Amino acid sequence: MHLNWLVIGIGDITRRRVIPAIEKDSRSALRGLVTRDASKAEAYGGVAAWATLDAALANDEGIDAVYVASPVAFHAEQTITALKAGKHVLCEKPMAMNYAQAEAMVDAAKSSGKVFGVAYYRRLYPKLMRAKELIASGAIGKPVFVEGIYHGWLESEERGWLRDPAMAGGGPLYDVASHRIDACNFLFGEPKRAVGLRSNALHELKVEDSATVLIGYAGGVHGVVDARWNSRVSRDEFRVVGTEGALELTPLNGPEIRWPGGSESLPLPENTHRPLIENFVAAVLDGALLACPGSEAMGTDWVTEQVMRRSPTGS
């Protein structure tokens, strides 16, 4: 058994990670592509290409799964369309423009009976899974605080749509903070409270260039996520503080994890999307647990919406 994939969008992530992961997975096949620029599909000779999802679904009944890698504004509509057509869906992050859209996507998945996941691939980082084990074992005592920081500069012009709120929803809050928010949710469960600040500290954009989020979890755990597009110094920090010490995962995109009395080096895969694809295929074909089902991913959209409601850009 194998899974025939339709990939929507041929951008940086799909070219470098998603399509190579599908091509290298022994139980996957790249069946088709959806792109408004037909020239982008020429690199994948022999693979069918369509300008729209509707055209693809109407002309190829052999599609089993759809990878949604379009701008965020299209995630909900394309995911729901694919699910209603009887396809499994793996959607890029963030899941949707708002929480109502995220709920509609989850409802569509329930109605269709198909597998619906979101591409928060850091849940499959060996070090993050190990951190969850260590927290449960009491390695740092009672956890009380989790922090994720990502600072960098503006995205490339190729991904310039990220600066358009109508396409991306927001700036670093939606783009890079979403991964850290989901990592916090992965460790500590459903967020109970959330507030935040957004501002343009340097760049004059229609979206924020700075976002700081405070999240409350059960058991009194507080989470802080800070994401910026205004730092020439790159930062990728992640740590969990407990009553008896701390788990240090900095840099999050590196192999090292350290805690009182121990440390491990847990290398990341060369292609971080390969475990994501393998997990999704196993969920569909074998009934394995999905790393990030839509019903859990929507927690990040809930947090994001709390911040957006209470902190207009510039406040």
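Select Glu133 first: at 48% relative accessibility, this residue counts as partly exposed (buried means under 20% relative accessible area, exposed over 50%, and partly exposed in between, with a 1.4 Å probe and protein chains only). The model is predicted, so local features need pLDDT of at least 70 and side-chain atom pairs count only at pLDDT 80 or more, while totals for chains, interfaces and linings use all residues. Residues are numbered from 1 along each chain as its sequence is written, and side-chain values use heavy atoms, with hydrogens and water left out.

Glu133 forms a salt bridge with Arg130, with 3.3 Å between the closest N and O atoms (a salt bridge is a side-chain nitrogen of Lys or Arg within 4 Å of a carboxyl oxygen of Asp or Glu). Both residues lie in helix H5 (residues 126-137), three residues apart, about one turn of the helix. Helices (H or I, at least four residues) and strands (E, at least two) are DSSP runs, numbered from the N terminus.

Keep Arg130 selected and display Glu264; their side chains meet in a salt bridge of 3.1 Å, N to O. Glu264 lies in strand E14 (residues 262-265) and Arg130 in helix H5, so this pair ties together parts that are 134 residues apart in sequence.

Now move to Arg180 and Asp236, whose side chains meet in a salt bridge of 3.0 Å, N to O. Arg180 belongs to helix H7 (residues 177-188) and Asp236 to strand E11 (residues 235-242), so the pair ties together parts that are 56 residues apart in sequence. Arg180 is buried, at 2% relative accessible area, and Asp236 is buried at 13%.

Finally, select Glu147, Glu237, Arg239 and Glu248, which are linked in a network of salt bridges.
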